[in-house]
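Colleague: Could you take a close look at one part for me, the place where the two chains meet? I'd like the whole story in one go.

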Number of protein chains: 2
Amino acid sequence: MSDSGTEADGEIAGLPARRHSLDRRMILEAGADFIETHGLRQLSMRRLGARLGVEGMSLYRHVPSRDDLLDGIVEVVLDDLYGDPEVYLEPKNGWQDYLLRLARGLRRVALARPQVFPLIATRPPQAPWIRPPLRSLRWIDSFFGALGAAGFRDDAAVAAYRAFSSFLLGHLLLEVAAKGADIAPVEMPEPQGQIPGGLEAYPHVRRLEQRLSEDRSAEEFEESLANLLNRIEALRD
Amino acid sequence: MSDSGTEADGEIAGLPARRHSLDRRMILEAGADFIETHGLRQLSMRRLGARLGVEGMSLYRHVPSRDDLLDGIVEVVLDDLYGDPEVYLEPKNGWQDYLLRLARGLRRVALARPQVFPLIATRPPQAPWIRPPLRSLRWIDSFFGALGAAGFRDDAAVAAYRAFSSFLLGHLLLEVAAKGADIAPVEMPEPQGQIPGGLEAYPHVRRLEQRLSEDRSAEEFEESLANLLNRIEALRD
DNA sequence: ACCTGAACACCGTTCAAGT
DNA sequence: ACCTGAACACCGTTCAAGT
């Protein structure tokens, strides 16, 4: 993914260059930052252009449309997984270690970009059998390679892939939403609209409100993940 | 939820009335239908107005903003759960039966409105501890009532609530997405962009493509749900 | 009381024109 | 080769005006 190119442009890499010399990669990176800072709602071609010191119309030289821009941002953010030293494309200590590392790596991506993650979760994938958040073919292929090498038959590997992606999507989307991140890829109204009628009519919720607000997401993630690995183990051979 | 009102207006209920007499409920219903038919992308105030035989600006008499319109649509669609004879607000045959019915009812809602469900899943909830897709306080309170009556301690009930919502969100969002529904609450480009480079570089995916495209979602849902109930059982007392 | 028309400040996108 | 300006067909939203 991400054919960066870098083109040996003679400039300090990773810096937004002086003035001209926009490039696709830099636009996507800026877009991801923009969403993280201001929310998807605020992202317009004109505003992103402004942030890059350029008219919005100039972006079309490098990015075919706003939709493509969003897809590109998803790709770029997911690319962090390739740079994560804790996650291996090739399993090194068995399939359980491999899945554990992959799951935790995706969680780190989600938590690093809580505003962008809903986009990772909900942008329509390139094929119907690609299941977010594992949307990169290289990782999906790596997933099946790891399970195949561990002796999983094809149907078991596919079942594992589906269970794994459902688990990640549900947990990470809700965790990121609870972080106060706007879970909606669409809009972001006020921080939190209080409950209109109050909680009088809902005694259990009222009693549990405090406890419901505690953050146990890390533990819950690990527990559910361990359970998932056990279920997957049961599918093997 | 949904203070319908109906107002004894002297007209055949449920029909879009002759000309005037817009009302909030009818706008929300039309909005849900519009999204289901044309996708969220296409929904604008002006177009929804046109569909109701009115200028878009007239909708503001009944709905404060487009955001509120979307929240209202989510509410109205989720209200189908109250009309579902298979789902009980009060448990009748123990907590497992109660959860099973609730989960299946939510799945029916998702499958009945695949284009709207992503909105249910991703619109920012009214409080941070409300976890989609179970976003109605009445149902959340009912959930805790059922588990409390079954002897769950508070922390166990909260853990169950979290596991239940993560499970539903992950499964249903991915199932609805695979249905060809546009999973994104934001946009809908072409039906499916084929993989750009082809599958040559991904041998496992290539081999498994057929199998990956098979729909086993109903069985997977039931299996994962059964497993979830076992995990929840283990939290009890 | 409820809907309409015109208006405002934006959008995404195209394209001829500038440098 | 790359960016800009003007333009087009839209948006959401407000509000005075109509009926």
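Modeller: Chain B and chain A bury about 6000 Å² between them, with 63% of that on carbon and sulfur atoms; buried area here is the accessible area (1.4 Å probe) that two parts lose on being put together, summed over both. Bear in mind that this is a predicted model, where local features need pLDDT of at least 70 and side-chain atom pairs count only at pLDDT 80 or more, while totals for chains, interfaces and linings use all residues. Residues are numbered from 1 along each chain as its sequence is written, chains are lettered from A and ligands numbered from 1 in the order in which they are written, and side-chain values use heavy atoms, with hydrogens and water left out.

In residue terms, 66 residues of chain B are in contact with 66 residues of chain A (heavy atoms within 4.5 Å). Between the two chains there are 6 salt bridges, each a side-chain nitrogen of Lys or Arg within 4 Å of a carboxyl oxygen of Asp or Glu. One salt bridge joins B:Arg41 to A:Asp67, with the closest N and O atoms 3.4 Å apart.

On chain B's side, helices H3 (66-78), H6 (117-122), H7 (137-149), H8 (154-178), H9 (203-213) and H10 (217-235) each supply at least two residues; helices are DSSP runs (H or I, at least four residues), numbered from the N terminus. H8(B) gives the most, with 13 residues. That side of chain B divides into 32 nonpolar, 14 polar and 20 charged residues, taking Ala, Val, Leu, Ile, Met, Phe, Trp, Tyr, Cys and Pro as nonpolar, Asp, Glu, Lys and Arg as charged, and the others, Gly among them, as polar.
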